[in-house]
Amino acid sequence: MKEEFDVPFKSDMIPTKLELGSTIQFRCHPEISCFNACCKRADITLTPYDVIRLKEQLGKSATDFLKEHTVPFPMDQDGLPGIKLRTDEAGACLFVTEQGCSVYQNRPTACRYYPVGHMAMRRAGSSEDETHYFLVTESHCRGHDEERKLSIQEYLGEQQIAAYAEHNREWLQIMLKKRSAGPTVGRPPESSLQFFFMCSYDIDRLRRFVLSENFRTTYQLEESTYRIFEQEDLPLLQFGYKLMRQVFFGERSIPEREGVWEQRVTQRQEVWDARRQIEVARKQHEEESRYSGENL
Ligand code: SF4
Ligand code: SF4
């Protein structure tokens, strides 16, 4: 029996759970009748590694790329910041041309996977992540009518997904861990959402932050490590993931100066208590308003 499951976006497809070895029938090429149709109604969520590849191809800073080519959206009920590729008013990707994708060599993860959908999950009580695949069959996409058959693994190899999977893996784990930790009390503070945004997408701002004097008073890194972060994006991106783990989940993999940790635990407890009090007061106020409304 086929296993079916919910997918987190609107589509006219019937989701069926697939494995890496499952066979699909699909081919996309410039002579196909629907060429570019998918890029003319693009809804592309970007990952940290997508931003690095695209801003490099365009010769822009990450900050400028984010401003000019992306729009923000909340990825969950806590307002965790996500970004999507900006489109024109009709919904077409700004990178699509008559000849196809103008950033093809560096096209985002979502464009490479299409029409294969994937979802990382973590079952309650498990520390293992699982990835599930499904096939997106939208009526405008004629690639499913083509004769070619291949496995999902072969298709992903053809799309050179490996580098994207490698550089985004830890970021996806951070989001899964955050979700599996359950609901928080109230919305996380704005500073925490901004920190997530900086570490995930704005590598230039992260670089300024990590090379600042303020950072050095908290963390203890080798000078040679700072030199690498000055010059290279990918090691800095991975460091940003570690930093998020340390700040959000208390995983202490980056050496800190003496006393900093204890100070942070105290500060965090104070912030946590304050948020809890605000949330309790808000609920109490809601209850009171409801009952006074009923008594009118
Ligand atoms: S980035 Fe390229 S492949 Fe992706 S939607 Fe835009 S034009 Fe299409
Ligand atoms: S076959 Fe599908 S993926 Fe390829 S251009 Fe047509 S709509 Fe896009």
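Which residues of the largest nonpolar core touch the most other members? I opened the notebook with this, noting that the model is predicted, that local features need pLDDT of at least 70 and side-chain atom pairs pLDDT 80 or more, while totals for chains, interfaces and linings use all residues. Residues are numbered from 1 along each chain as its sequence is written, and chains are lettered from A and ligands numbered from 1 in the order in which they are written.

**Core.** I found that, of the 32 residues in the largest nonpolar core, those touching the most other members are Ile44, Val51, Ala62, Cys93, Cys199, Ile203 and Leu206. I took a core as a set of buried Ala, Val, Leu, Ile, Met, Phe, Trp, Tyr and Cys residues joined through C-beta atoms within 7 Å, with a residue buried if 20 or more other C-beta atoms, placed from the backbone, lie within 10 Å of its own. Two or more residues of this core come from each of H1, H2, S3, helix H5 (162–180), H6, H7 and H10. Apart from it I noted another core, of five residues, including Leu18, Tyr133, Phe134 and Ile152.

**Val51.** Leaving aside neighbours within four places in sequence, I listed Leu46, Ala62, Phe65 and Tyr201 as the contacts of Val51, a contact being two C-beta atoms, placed from the backbone, within 7 Å.

I saw strand S2 (residues 70–74) pair with strand S3 (residues 81–85) in the antiparallel sense over five bridges, where pairing needs at least two DSSP bridges. Pro74 has Pro81 in S3 as its bridge partner, and in the hairpin, with six residues between the strands, Gly79 takes a positive phi near 80°.

**Ligand 1.** Around ligand 1 I listed residues including Cys39, Cys93, Cys101, Arg107 and Cys111, each with its C-beta atom, placed from the backbone, within 6 Å.

How values were computed. Helix = DSSP H or I, 4+ residues; strand = E, 2+ residues; numbered from the N terminus. Buried ≥ 20, exposed ≤ 12 C-beta atoms within 10 Å, placed from the backbone.
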